[in-house]
Amino acid sequence: MTDSTAGATPADAPGTAAAPAAAPAAPEYDERITPIPTRWVGPIRVSGNAVEGEIEVPLATYESPLWPSVGRGARLSRQVEGGIVATVVGERMTRSVLLRASGAGAAHLASLDLQQRFDELAAVVAAQSRFAQLVEMHPEIVGDLLFLRFAFTTGDASGHNMVTAASEALLGVILQWHPELEYGSISGNYCSDKKATAVNGILGRGRSVVAEMLIPAELVETTLRSSTQRIVDLNTGKNLVGSTIAGALRSANAHYANMLLAFYLATGQDAANIVEGSQGITFAENRDGDLYFSTTLPHLIVGTVGNGKHLVGVNAALERLGCREDREPGANARRLAALIAASVLCGEISLLAAQTNPGELMAAHVAMERGAKRGQA
């Protein structure tokens, strides 16, 4: 008996005459909505400082082979004690303002004064926001231009609008204190938002997460159909050396963007932030035959409240992920970031393992895409 007839009533069984069922009405086209196929993959076994347990994750993508690929990594995680250990090592959202001085000397004096008055600036932010807190300020002077890169914690929000509002309040006070300065822009690109830059990796932007797993040699062979040394060698040649000669910027990975975009779309994130989010480093090491494998994502711009999170599907996904619980501000967003990092590791290890075997990657894509077409026929 096939899955399609399992549990069927006699009237539904093959070869039995029955009144034809009415065809379901085709959904009306709505130009305001772009449907994206979504699947829940896993569960992934995750531990660490932000989430514990076995959790399924939603991936919205047109690239259907991504689901079984991440699924293989998820299956691997359930075979390892502790699964994937995801550690949130930092969180902050940034906005850089641009000011103009009469010259570099005036810009320098103003920056020194502002650094001395940091506590006053932090009080300005605290007075105008319940959740935003100013934690750092980094000045940069170019000619007569003064850039101030503010870093804030933003609770469970990704914080795009929150930090812009806070920075506007700071600009108003700074221009009162230093009338010799002129307004340049609320955003001077030193933030840096939705652009591949080095500053985000160095100073941090968003949630910074490291996901890691120690995989026994026998599981590398049985579940990944590869070997520890072959995966280590491929990671060095492809991700580290290959990315270097390509001129990658603080980035050495196979396809972080695939998992990030799928997870971002399913949970109502600003998808353009995969530009900086996909800048991360995959590390692999042979430890007495076992495989140590990690994915480091230093700037995941994600949140569990804010724009897009009110949509029915998005809200349901966040609830199912356990990211709508009554926790301290920021805890739900850290949980989400940890689950994203674990999902990235699952997809990354699966793809690298496939690429150690000649022909496996293309054969898998062809088989899955042909199967999908047959299902649509």
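These legends describe close-up views of one predicted protein model.

Residues are numbered from 1 along each chain as its sequence is written. Because the model is predicted, local features need pLDDT of at least 70 and side-chain atom pairs count only at pLDDT 80 or more, while totals for chains, interfaces and linings use all residues, and side-chain values use heavy atoms, with hydrogens and water left out.

**Figure 1**
The protein has 12 helices and nine strands. Helices (H or I, at least four residues) and strands (E, at least two) are DSSP runs, numbered from the N terminus. Of the 377 residues, 47% count as buried. Buried means under 20% relative accessible area, exposed means over 50%, and partly exposed lies in between (1.4 Å probe, protein chains only). The protein exposes about 18,000 Å². Carbon and sulfur atoms supply 54% of that area. Accessible areas come from the Shrake-Rupley method with a 1.4 Å probe; for residues, only the protein chains shown count as cover. Take the contacts between residues at least 6 apart in sequence: 74% of them join residues at least 24 apart. Contact means heavy atoms within 4.5 Å.

Rolling a probe the size of a water molecule over the atoms shows where empty space is left. Here a cavity is a set of points, on a 1 Å grid over the protein atoms alone, where a 1.4 Å probe fits but cannot get out; lining residues have an atom within 4 Å of a point. Grid points are joined across faces, edges and corners, and a volume is the space filled by probe spheres set on the points. The count comes to one cavity of 30 Å³ or more. The largest cavity holds about 40 Å³ of space. Its lining consists of Glu91, Arg92, Met93, Thr153, Thr154, Ser158, Gly206 and Arg207. Strand 3 (84-100) and strand 7 (206-215) each supply at least two lining residues. Strand 3 gives the most, with three. By class, one lining residue is nonpolar, four are polar and three are charged. Ala, Val, Leu, Ile, Met, Phe, Trp, Tyr, Cys and Pro count as nonpolar, Asp, Glu, Lys and Arg as charged, and the others, Gly among them, as polar.

**Figure 1. Salt bridges between side chains.**
The structure holds 14 salt bridges. Each is a side-chain nitrogen of Lys or Arg within 4 Å of a carboxyl oxygen of Asp or Glu. One of them joins Glu136 to Arg92, with the closest N and O atoms 2.9 Å apart. Glu136 lies in strand 4 (residues 133-142) and Arg92 in strand 3, so this pair ties together parts that are 44 residues apart in sequence. Glu136 is partly exposed at 27% relative accessibility. Arg92 is partly exposed at 21%. Asp270 and Lys194 also meet in a salt bridge (2.6 Å, N to O). Asp270 sits in the loop between helix 8 (256-266) and helix 9 (274-277), and Lys194 in the loop between strand 6 (182-185) and helix 5 (199-203), 76 residues apart. Asp270 is partly exposed at 31%, and Lys194 at 30%. Another salt bridge pairs Arg287 with Glu285 (2.9 Å, N to O). Glu91, Arg207, Glu328 and Arg334 are linked in a network of salt bridges.

**Figure 2. Thr61 and its contacts.**
Thr61 is found in the loop between strand 2 (53-60) and helix 1 (66-77). At 11% relative accessibility, Thr61 counts as buried. Leaving aside neighbours within four places in sequence, Thr61 is in contact with Ile36, Pro37, Leu66, Trp67 and Ala262. Pro37 is 24 residues away along the chain, yet the C-alpha atoms of Thr61 and Pro37 are separated by 5.8 Å.

The peptide bond from Gly42 to Pro43 is cis, with omega near 10°. Pro43 belongs to strand 1 (residues 38-48). The bond from Cys191 to Ser192 is also cis, with omega near 5°. Ser192 lies in the loop between strand 6 and helix 5. Asn189 is in that loop too. Asn189 is not a glycine, but has a positive phi of about 70°. Asn189 is partly exposed, at 46% relative accessibility. Arg250, also not a glycine, has a positive phi of about 50°. Arg250 is found in the loop between helix 7 (228-246) and helix 8. Arg250 is partly exposed, with a relative accessible area of 42%.

Definitions and conventions
On a 1 Å grid over the protein atoms alone, a cavity is a set of points where a 1.4 Å probe fits but cannot get out, and a pocket is an open set with protein on both sides within 12 Å along at least five of seven lines; lining residues have an atom within 4 Å of a point.
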